[in-house]
Amino acid sequence: MTSVPVPPWCVVAHTRRDLALAEAVSAAGGVLDETELIRRRELPADEVAAAMDRAGHVDWIVVSSPFTVDALRHAGIDLGRWLERGAKLAAVGRASATALEEAGLSVDLKPDGKISGGEALAEAFPPGKGTVLLPGAAELAGTLQPGLAAKGWTLATVATYVTTATSSVDPVIARRWRNGDYLAFIATAPSIVRAAATLVGPTLPVVAIGQSSATAAQTCGFPLVIQAGSANPEDIVAAVLKPR
């Protein structure tokens with residue numbers, strides 16, 4: 001068992017939309033490097049709008065990423081109108097819930113335990129019959145459907161954006177990665193895991209947020225995969241500093 005490294009220690013993650021993780025890492029004596037690993041491209045607005053219309057009546061709408069909120073806004077989709085027609089709103093985790101709340105929407109359901117992600121949200125869902133609509137990335141992780149189906153729900157999906165790996169990584173970060181200077185790579189989505197494996201190699205320990213990211217890291221051959229207790233920054237830092 002190795003000891004926790006003497007500060008300053010470094011971790012790396014895909015560029016985030018908030019400062020909470022960087023602040024938690026700093027408070028624990030570390031440094032967070034961020035770099036672009038994937039690009040998200042919104043699908044044509046008319047294509048997304050038509051797909052949402054084809055979904056018809058739905059009982060729940062699940063948002064699995066803050067970027068889904070952006071993509072729906074780009075397509076001119078007002079989720080508030082769906083809620084007025086009786087749909088309820090669920091979020092897979094803290095970041096998605098925050099994006100919805102910042103858009104002025106009230107979240108009816110999110111995972112009630114420490115673990116976020118599709119499996120945790122499905123566990124929190126009440127039993128029922130009807131349709132759950134999941135707009136989001138064209139490349140969905142597939143973790144939500146089994147749990148919802150077991151509770152009687154039918155899942156419908158609408159692609160709102162696609163993700164692709166960037167063509168390269170910041171050369172300073174790539175050098176630090178290959179030198180093993182990072183204590184861990186913090187993985188927030190399967191697409192980010194796969195991009196990192198392709199761009200700089202599956203050589204670092206991974207702290208994964210959610211089961212789908214952990215599974216992707218294992219599949220890509222990263223040497224050690226630890227699943228964080230939750231998506232909260234403090235739990236991510238605790239997983240990074242866990243003796244191993």
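Trainee: What makes the charged end of Arg40 count as sitting over the ring of Phe67?

Mentor: In this predicted model, the charged end of Arg40 is 3.6 Å from the centre of that ring. The cut-off is within 6 Å, along with within 35 degrees of the ring normal.

Trainee: Where does the charged end of Arg85 sit?

Mentor: The charged end of Arg85 lies over the ring of Trp82, 5.0 Å from the ring centre. That value is also within 6 Å.

Trainee: How many aromatic pairs does the structure hold?

Mentor: Four. One of them joins Trp177 and Phe185.

Trainee: Why is the pair of Trp177 and Phe185 called tilted?

Mentor: Their ring centres are 5.1 Å apart, and pairing needs centres within 6.5 Å. Their planes stand at 55°. Stacked needs under 30 degrees and edge-to-face over 60, so this pair is tilted. Both Trp177 and Phe185 are buried.

Trainee: Which residues do ring pairs link into a cluster?

Mentor: Trp60, Phe125 and Trp153.

Trainee: What makes both faces of strand E8 covered?

Mentor: Strand E8 spans residues 184-187. Ala184 and Ile186 are buried on one side, Phe185 and Ala187 on the other. Buried means under 20% relative accessible area.

Trainee: How do you know that E8 pairs with E1?

Mentor: Pairing takes at least two bridges. E1 and E8 have three, in the parallel sense. Ala13 stands opposite Ile186 there.

Trainee: What joins E8 to E9?

Mentor: Three bridges, and these strands run parallel. Ala187 has Ala208 as its bridge partner in E9. From E8 the chain passes through helix H9 to E9, a right-handed β-α-β crossover.

Technical notes. Residues numbered from 1 in each chain as written. Predicted model: local features only at pLDDT ≥ 70, side-chain atom pairs only at ≥ 80, totals over all residues. Heavy atoms only, no water. Buried < 20%, exposed > 50% of the residue type's maximum accessible area, 1.4 Å probe, protein only. Helix = DSSP H or I, 4+ residues; strand = E, 2+ residues; numbered from the N terminus. Right-handed = clockwise from strand over helix to strand, strands pointing away. Phe/Tyr/Trp six-rings, centres within 6.5 Å; stacked < 30°, edge-to-face > 60°.
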